[in-house]
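Subject: A structure for you to look at

Hello,

Here is the structure I promised to pass on. Have a look at it first, and then read my notes below.

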Amino acid sequence: MSKNTLLLEGESASEQAAQLLGQGEGVALPTETVYGHAARADDKNAIAKIYEAKSRPKNHPLILHIAQQSDVTLWAREVPEDFYRLSSKFWPGALTLVLKKNLSIPDEISLGQDTVALRMPAHPLFLETLKKLGTAVVAPSANPHKELSPVSARQVWKGLNGRIAAVLDGGRCALGLESTILDLTRDLPTILRAGPITRTELENFLGKKIVQPSKHTTKIAGNMKAHYQPKAKLHVLTRKSLPTLFLSQDSSEVLFLLYSNEAIEAYTQTPLLQSHCWAMPGDAKAYGHELYHKLAMADELQVKTIIVEAPPQGEEWLAVIDRLQRAQG
Ligand code: TXA
Ligand code: MG
């Protein structure tokens with residue numbers, strides 16, 4: 001497709017999005033995590049367009065986005081009790097659940113696996129579009145493969161203009177990091193991707209142990225070491241190893257993303273460093289909300305190197321740490 005991508009806004013936006021999706025087009029939709037590149041789940045040609053638009057390799061299965069919990073039986077088999085408990089508590093929301101797939105699911109979605117990933121997103125415009133469309137959609141993050149996931153319609157447009165039919169503008173994503181993925185097909189529920197909902201939250205709620213590999217090196221589909229990368233070279237450094245002297249005047253040369261009061265004070269009080277430093281929030285959720293947004297802004301300014309002050313080690317920071325490791329590659 002070489003036509004310009006439409007920006008859908010205003011009252012009829014979800015109606016227009018549903019119409020385009022109904023015709024088998026790809027449309028980017030806002031979710032509370034990141035923007036998703038949606039296509040109807042019952043149309044193989046529409047799904048094929050996603051892989052093409054994103055240059056996505058055929059070893060990353062797609063997450064199915066459904067409008068209500070009860071639709072699960074259309075897509076999954078042998079649905080365990082934990083699914084109903086978790087989805088009653090956390091849906092709509094940033095938790096993707098992996099189940100045994102219904103055997104009728106097109107292989108374009110599950111790519112040879114016996115499982116399917118399901119999520120009910122929380123953004124009202126996404127849910128409105130799903131209801132108008134009347135069927136589920138698949139929706140990977142709406143970015144070219146390996147690049148940053150977009151958290152605004154503008155970022156989607158910059159990455160995929162001309163490659164998708166439209167993007168529905170739903171503002172900045174509330175969470176800003178991709179959903180937690182929890183596999184319910186193993187002996188113990190296992191976190192495949194750290195995200196906004198933490199292991200402790202899940203364990204406390206379910207009252208059972210949840211497995212979370214300390215590093216996501218397990219060979220699960222799509223779990224790549226280098227992913228979610230800005231165009232700039234990114235390095236994560238501990239506070240002690242941050243440079244205290246920096247001579248270049250050119251603020252596109254290096255940018256520092258700092259979160260601790262100590263580092264921010266030191267940098268903002270040093271004239272030569274001041275213009276190279278952006279302050280990040282000290283709270284994990286707020287940091288997650290800002291991370292991709294700030295990295296995308298740095299790319300727009302054509303910053304060459306981004307140095308990130310390593311965030312703290314607490315569990316609530318795991319999703320941020322995971323994305324920074326992958327951005328570093
Ligand atoms: O927050 C999100 O999950 C966003 C929004 C748009 O909903 N979606 C998203 O999709 O991040 P995507 O495709 O960019 O990442 C989905 C990840 C991929 O790494 C994929 O390999 C994995 O989920 N995945 C999908 N189906 C799976 C399955 N059946 N088993 C294991 N991993 C699966
Ligand atoms: Mg993605």
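**What I found**

Let me begin with two helices. Helix α4 (residues 81–90) and helix α8 (residues 199–206) have axes that come within 11 Å of each other and cross at roughly 120 degrees. The crossing of α4 and α8 is right-handed. On the α4 side, Asp82, Arg85, Leu86, Lys89 and Phe90 make the contact, and on the α8 side Glu201, Leu202, Phe205 and Leu206 do. Sorted by class, the contact of α4 with α8 has five nonpolar residues, four charged ones and no polar ones. Please keep in mind throughout that this is a predicted model.

Next, the sheets. One is an open sheet of 10 strands with mixed pairing, in the order β1-β8-β2-β3-β7-β4-β6-β5-β9-β10. Its edges are β1 (6–8) and β10, each with a single partner strand, so one side of each has no neighbour in the sheet. Within this sheet order, strand β4 (residues 63–65) runs parallel to strand β6 (residues 115–119), and three bridges join them. Ile63 has Ala117 in β6 as its bridge partner. Helix α7 (residues 153–160) lies across β1, β2 (27–29), β3 (36–40) and β8 (166–168), and runs at about 165 degrees to β8.

Strand β9 (residues 180–183) deserves a look of its own. Which way do its side chains point? Thr180 and Leu182 point one way, Ile181 and Asp183 point the other way, and all of them are buried. On one side, β9 pairs with strand β5 (residues 95–100) in the parallel sense over four bridges, and Leu95 stands opposite Thr180. β9 also runs antiparallel to strand β10 (residues 190–193), joined to it by three bridges, with Leu182 opposite Ile191. β9 and β10 form a hairpin, with six residues between them.

Leu182 turns up again in the largest nonpolar core, which has 54 residues. The residues with the most contacts inside this core are Leu64, Leu86, Leu95, Leu118, Val138, Leu182 and Leu202. Helix α1 (residues 13–22) supplies the largest share of the core, five residues. Setting aside neighbours within four places in sequence, Leu182 is in contact with Leu86, Leu95, Thr96, Leu97, Val98, Pro189, Thr190, Ile191, Leu202 and Ile210. Two of these names, Leu86 and Leu202, were also listed in the contact of α4 with α8.

Five bridges pair β11 with strand β14 (residues 305–309) in the parallel sense, and Ile306 in β14 is the bridge partner of Leu234.

Conventions. Residues numbered from 1 in each chain as written. Chains lettered and ligands numbered in written order. Predicted model: local features only at pLDDT ≥ 70, side-chain atom pairs only at ≥ 80, totals over all residues. Heavy atoms only, no water. Buried < 20%, exposed > 50% of the residue type's maximum accessible area, 1.4 Å probe, protein only. Pairing = 2+ DSSP bridges. Core = buried A, V, L, I, M, F, W, Y, C linked by side-chain atoms within 4.5 Å. Contact = heavy atoms within 4.5 Å. Axes fitted to C-alpha atoms, helices over the stretch in contact; angles between N-to-C directions. Left-handed = near helix turned anticlockwise from the far one by under 90°. Nonpolar A, V, L, I, M, F, W, Y, C, P; charged D, E, K, R; others polar.
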